[in-house]
Amino acid sequence: MPTTVPAYGKEAAERLASMADVTADDRALRRFLHGLPGVDAVGLQARAATLGTRSIKTTAKAYAIDLAISMIDLTTLEGADTPGKVRSLCVKGIHPDPTDRTAPQVAAICVYGDMVATAKEALKGGGSGIHVAAVATAFPSGRAALPVKLADTRDAVAAGADEIDMVIDRGAFLSGRYLDVFEEIRQVKDACVREDGTAAHLKVIFETGELQTYDNVRRASWLAMLAGADFIKTSTGKVAVNATPPVTLVLLEAVRDFRAAVGVQVGVKPAGGIRTSKDAIKYLVMVNETLGGEWLSPDWFRFGASSLLNDLLMQRQKLSTGRYSGPDYVTVD
Ligand SMILES: O=C[C@H](O)COP(=O)(O)O
């Protein structure tokens with residue numbers, strides 16, 4: 001089950017503090033981010049493609065399917081969402097397969113802030129351990145004044161959100177105003193703190209489909225981690241290009257290098273357009289090969305997805321019965 005906010009060890013906190021000079025001002029931050037090694041796009045794409053060809057079968061496949069289910073942030077982010085739809089999504093998150101109680105629960109239900117209270121209530125019975133994640137900061141565009149974004153975050157946290165999925169200001173990032181983006185993430189992180197001193201987990205969404213280059217994705221990753229992101233996330237699911245294996249690989253390498261540099265472990269969440277078990281398993285192979293088993297848990301890796309769960313359930317049943325279920329076996333989203 002997902003745990004609460006990871007505590008940074010004293011040593012890690014000191015090492016992170018020792019990097020404070022790189023965020024001291026705009027020039028220092030720019031120098032640091034532009035000093036990161038450039039991404040070899042050809043090599044990156046080849047690596048992602050090679051990892052995607054690994055064949056995972058039988059027991060390993062069954063394990064991977066259940067692991068993938070347990071890592072899903074089961075998402076509904078539509079203007080037409082209703083409390084009823086959110087409640088049924090919660091029921092589905094608790095018992096993904098009503099005919100087979102051995103199917104694991106999902107990691108979280110991801111909704112707009114105004115649906116947090118409904119989701120919390122619906123998850124009370126039997127769903128303990130499933131988090132509620134709220135998108136915030138003027139999702140998906142990120143276009144609002146900072147006080148509005150902070151209020152958006154505080155409202156969701158006050159309603160009981162366990163996790164906040166914020167979007168960065170891509171306009172600021174692309175025009176090189178890195179310190180503004182850094183400060184915004186820091187302030188949203190502060191807004192995640194509850195009255196009792198605990199805090200909602202902060203996921204920072206880059207909208208990689210709008211960041212233009214892999215180098216920018218690497219820079220955004222470091223920027224967010226330096227500002228205190230608990231997770232870094234590719235996409236909102238609302239633009240033409242969402243999560244892809246190569247872009248996710250950039251995030252995986254960034255969290256690996258960040259932990260090597262400062263000792264702080266950060267999670268990764270590809271989101272948007274991940275719909276098949278085959279794709280989900282490719283991502284898990286990539287996590288395992290790049291980061292090892294320590295990240296192979298819902299505490300450190302998530303899938304942001306609205307329909308992936310159905311395909312995983314169909315594959316799961318195929319493995320246990322030898323045949324695909326009929327179209328009515330899984331609920332239609
Ligand atoms: O964060 C999750 C995404 O919004 C879901 O995207 P999807 O509907 O393409 O799975």
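Modeller: Start with two helices in contact: Y214, V217, R218, S221, W222 and M225 of α10 meet V247, V250, L251, A254 and F258 of α11. Contact means that C-beta atoms, placed from the backbone, lie within 7 Å. Helices (H or I, at least four residues) and strands (E, at least two) are DSSP runs, numbered from the N terminus. The model is predicted: local features need pLDDT of at least 70 and side-chain atom pairs count only at pLDDT 80 or more, while totals for chains, interfaces and linings use all residues. Residue numbers start from 1 along each chain as its sequence is written.

Colleague: At what angle do α10 and α11 cross?

Modeller: Roughly 40°, and the axes of α10 (residues 214–227) and α11 come within 9 Å. So α10 is oblique to α11. Axes are lines fitted to C-alpha atoms, for helices over the stretch in contact, with angles from 0 to 180 degrees between N-to-C directions. Under 35 degrees counts as roughly parallel, over 145 as roughly antiparallel, 65 to 115 as roughly perpendicular, and the rest as oblique.

Colleague: Which strands does α11 lie across?

Modeller: Helix α11 (residues 245–262) lies across β6 (231–233) and β7, and runs at about 175° to β7.

Colleague: And what is the strand order in the sheet?

Modeller: The open sheet has eight strands in the order β7-β6-β5-β4-β3-β2-β1-β8, paired in parallel. Its edges are β7 (267–269) and β8 (303–305), each pairing on one side only. From one strand to the next the twist averages 25°. Strands pair if DSSP finds at least two bridges between them.

Colleague: How many bridges join β2 to β3?

Modeller: Five, between β2 (residues 108–112) and β3 (residues 131–136). C110 has A133 in β3 as its bridge partner.

Colleague: Changing topic, which residues are around the ligand?

Modeller: C110 again, along with T75, L77, T236, G237, A271, G272, G273, G304, A305, S306 and S307.

Colleague: Last one: how far apart are the axes of α4 and α13?

Modeller: They are 10 Å apart, with α4 (residues 58–70) and α13 (residues 308–321) packing at about 150°. That angle is why α4 counts as roughly antiparallel to α13. K61, A62, I65, A68 and I69 of α4 make the contact with L309, L312, Q315, R316 and L319 of α13. Of these contact residues, seven are nonpolar, one is polar and two are charged.

Key. Nonpolar A, V, L, I, M, F, W, Y, C, P; charged D, E, K, R; others polar. Near = placed C-beta within 6 Å.
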